[in-house]
Amino acid sequence: MPHAQRETLPRSTACWWNLLHGSVILCLMSLKKLRLVAAMSGGVDSAVAAGLLVEAGYDVIGVTMRTYAPTRPHHAKSCCGAEDFDDARTSATILGIPHYVLDVEEAFERAVIERFVTAYQKGRTPNPCVDCNVFIKLGTLSSYARKIGAQSVATGHYARLEQLDDGPHLFAGDAQKDQSYALAALTPTQLSSLVLPLGDFDKTHTRAEALRMGLPVSEKAESQDICFLEGRDYRELLADGDAPGEFRTSDARSLGTHEGIAHYTVGQRRGLPANNENDGPRYVTRIDPHTNTVTIGREDELFSRGLIAENVNVIRPERLQGPVRVRAMTRYRSPLNIAVARIEGKTLTLDFATPERAVAPGQLVALYDERTDEVLAAATIREGM
């Protein structure tokens, strides 16, 4: 790879730009060699991200986080197994950078697993990967980075991030792998200390880079499961304390007994009572933790004209003054829907241009600029309406 070129920008920008392969752009905040912590999961994305930073001249320290103690054999769709630690260590050795394992099990249990269980027990559908990004990668890991003199944390997410004079600007990445939704809950301060080397890459490009760098993970299968479930159904984690309750129709007719609200999520079709009316399939349309009831209905009852969300995280406040037309994503990789957004304090109200299917309380809703792919804000869905 040719040496990265450096161009001096106007002094008002207070930074230098590093150009990697003419595509990935990283902002250097000073002339001295910057130290970065690269979060290395053992997969190809994080390994290539670290490698690109090394080639760009950064002082890179690889860190793999021990988030939980595995109890089951590792399999291809999960991560954080013993072989993942070995793969991360091997990649770091090939890249010529130090590698450390950081034990964050206690913080992960509290900030991710306990929140996951509690959310389901309240009839909500949680986002453990979003919580991990907020509380662990840009929380615990960022604190560790500062202790060792590192200015930023780098990850292998597929999203673009530009650090400008008016703060961070987060954009969607490659259409097939875009992960900006999973980063949308990060505060502007957290985004300011994040580096995303794969912002302009697609998966094919990333694997080609891994092969060029001689990394053995170039063809490693992607992890798809929630890591701490280790291939199990999430309901196994929620079995304790689950109380049976009543299935109801939208007009309050009883349809029998359910196993506990933690076993259900809005939009679910599996595991519901048989439909004797022969007018189409039935879905979970509402979960009420106060009455311990699960409401089921026809597919047309799944659609919401709007939603109310809480715990709003605003990344670009200047773009969200008054009622604003945005594009909203109500779950990971769901189609974007035009909506009018109103934010009052920490509460967001959205009115959809087209009714949205299966709006699930507990899920993140991410707001994008109406005309571009820039992320403006995110919030946790409280209810559809």
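Reader: Which residues in H3 meet which residues in H4?
Author: Ala107, Phe108, Ala111, Val112, Arg115 and Phe116 in H3 meet Pro128, Asp131, Cys132, Phe135, Ile136 and Thr140 in H4, where contact means heavy atoms within 4.5 Å. By class, that contact has 9 nonpolar, 1 polar and 2 charged residues. Before we go on: this is a predicted model, where local features need pLDDT of at least 70, side-chain atom pairs count only at pLDDT 80 or more, and totals for chains, interfaces and linings use all residues. Residues are numbered from 1 along each chain as its sequence is written, and side-chain values use heavy atoms, leaving out hydrogens and water.

Reader: What makes H3 roughly antiparallel to H4?
Author: H3 (residues 105-121) and H4 (residues 128-147) pack at an angle of about 165 degrees, their axes 9 Å apart. Angles over 145 degrees count as roughly antiparallel, so H3 gets that label relative to H4.

Reader: And which residues touch the most other members of the largest nonpolar core?
Author: Val48 and Leu215 do, out of 27 residues in that core. A nonpolar core is a set of buried Ala, Val, Leu, Ile, Met, Phe, Trp, Tyr and Cys residues joined through side-chain atoms within 4.5 Å; buried means under 20% relative accessible area (1.4 Å probe, protein chains only). Helix H1 (44-55) is one of the elements giving two or more residues to this core, and the largest share, 7 residues, comes from H1.

Reader: What does Val48 touch, leaving out residues up to four places away in sequence?
Author: Leu198, Thr206, Glu209, Ala210, Met213 and Leu215.

How values were computed: Axes fitted to C-alpha atoms, helices over the stretch in contact; angles between N-to-C directions. Helix = DSSP H or I, 4+ residues; strand = E, 2+ residues; numbered from the N terminus. Parallel < 35°, antiparallel > 145°, perpendicular 65-115°, else oblique. Nonpolar A, V, L, I, M, F, W, Y, C, P; charged D, E, K, R; others polar. Buried < 20%, exposed > 50% of the residue type's maximum accessible area, 1.4 Å probe, protein only.
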